[in-house]
Amino acid sequence: MKKIISLMLAVILIVMAIPFASAATLGDVNADGDITAVDARLILQVVAELRKQSDLKNPAGADLNDDNQITAVDARIILQIVAGIRDIPAEPEAPINPDKAEIANLFNTKSAEIAKGSYKWEKACYYVEDLTITKGSLSVDTIQGTVDKFLGIGNGSGTEKNAGKYAIIPMNLKESDIKNVAQDGNYITLTLNDSINPTVGGDYPISHITNNIVTKTDVENEIKAAISSATLNNFQAKYTKVEIMAEVNGGKLVSLSIRYDLEANLGASAAFITVEGKGKARTEVLYTDFNY
């Protein structure tokens, strides 16, 4: 996802100086009377959480496809308006909303195809809410390092040969997993329902699209590796803001990205020492260069 946003930002730099005057409020995010690449950049900053939606002077003008959320799709629509290949919608432009069951089947079929071939992957995992220790006397560095490890904090990339838990799996999406689905040109975006304490291969929305799932056993093993006498007393993993975006061209997947937030809460003890903590991390994985 970050790579997609970076590419769009590069396009913005090229068309930055091209204004598109209009009295319409849709697209004019900074309320300066013009629709320009600056407005697209502001939207992408909101998507990347570099700026709050409330900072926008005209936040209502940022949802151009009327899906009740601000995404990179809205920024792309603005860039198309600036480039003159799309008209300014008089009202929010309703996205195409394909049948959820059909879309689930499409992703299941296409993911099974690309999982058999070669591909490149790139991931980023970072905190959106820093780890906080609410109780305890263990070394904060020890706790931080342990949590970083089981969450997968950091960047990575490679091919299917070293993808490990980030490898593409044949998806098993169900209609009930899908919260929202929208299509804009060749791009299809799905948001899935939340999952609490999912398991690898289990019947949870997140389990149906990836094996990169943190379980209680994983956490317990990491804690024991750091402190052999430690015991995990409680752990909860909640996966939210789960989003899949795919570019489909000629019936084939061109790119696939999976993004989600993991809210983790845990409590552990060792001898007379106890510790409780919580944090939220975001994982973004982009897959490209499929060779079926």
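# Exercises on a predicted model

K241 lies in strand β8 (residues 231-249); strands are DSSP runs of E with at least two residues, helices are runs of H or I with at least four, and both are numbered from the N terminus. The model is predicted, so local features need pLDDT of at least 70 and side-chain atom pairs count only at pLDDT 80 or more, while totals for chains, interfaces and linings use all residues. Residues are numbered from 1 along each chain as its sequence is written, and side-chain values use heavy atoms, with hydrogens and water left out.

**Exercise 1.** Describe the backbone and the exposure of K241 and E49.

Step 1. K241 has a positive phi of about 50° although it is not a glycine. Most residues other than glycine have a negative phi.

Step 2. The relative accessible area of K241 is 52%, so K241 is exposed. The classes, computed with a 1.4 Å probe on protein chains only, are buried (under 20% relative accessible area), exposed (over 50%) and partly exposed (in between).

Step 3. E49, also not a glycine, has a positive phi of about 60°. E49 sits in the loop between α2 and α3, and its relative accessible area of 40% makes it partly exposed.

**Exercise 2.** Work out how α2 and α3 pack against each other.

Step 1. Take the geometry: helix α2 (residues 37-47) and helix α3 (residues 72-82) pack at an angle of about 170°, with axes 9 Å apart. Axes are lines fitted to C-alpha atoms, for helices over the stretch in contact, and angles between N-to-C directions run from 0 to 180 degrees.

Step 2. Name the orientation: α2 and α3 are therefore roughly antiparallel. Angles over 145 degrees fall in this class; those under 35 count as roughly parallel, 65 to 115 as roughly perpendicular and the rest as oblique.

Step 3. List the contact (heavy atoms within 4.5 Å). On the α2 side are A37, D39, A40, I43, L44 and V47; on the α3 side are A72, D74, A75, I78, L79 and V82.

Step 4. Sort these residues: 10 are nonpolar, none polar and 2 charged. Ala, Val, Leu, Ile, Met, Phe, Trp, Tyr, Cys and Pro count as nonpolar, Asp, Glu, Lys and Arg as charged, and the others, Gly among them, as polar.

Step 5. Check the cover: 11 of the 11 residues of α3 are buried, including R76 and Q80. Just after α3, G84 takes a positive phi of about 80°.

**Exercise 3.** Which residues touch the most other members of the largest nonpolar core?

Step 1. A nonpolar core is a set of buried Ala, Val, Leu, Ile, Met, Phe, Trp, Tyr and Cys residues joined through side-chain atoms within 4.5 Å.

Step 2. The largest has 51 residues, and F107, L190 and Y287 touch the most other members. Strand β9 (residues 252-270) gives the most to this core, with 9 residues.

Step 3. A second, separate core of 22 residues includes V29, I35, A62 and L79.

**Exercise 4.** Is D261 buried or exposed, and which side chain does it join in a polar contact?

Step 1. D261 is found in strand β9.

Step 2. With a relative accessible area of 1%, D261 is buried.

Step 3. Its side chain makes a polar contact of 2.6 Å with that of R282. Such a contact is a pair of N or O atoms within 3.5 Å; within protein, one must be able to donate a hydrogen and the other to accept it, and residues adjacent in sequence count only if both atoms are side-chain atoms.
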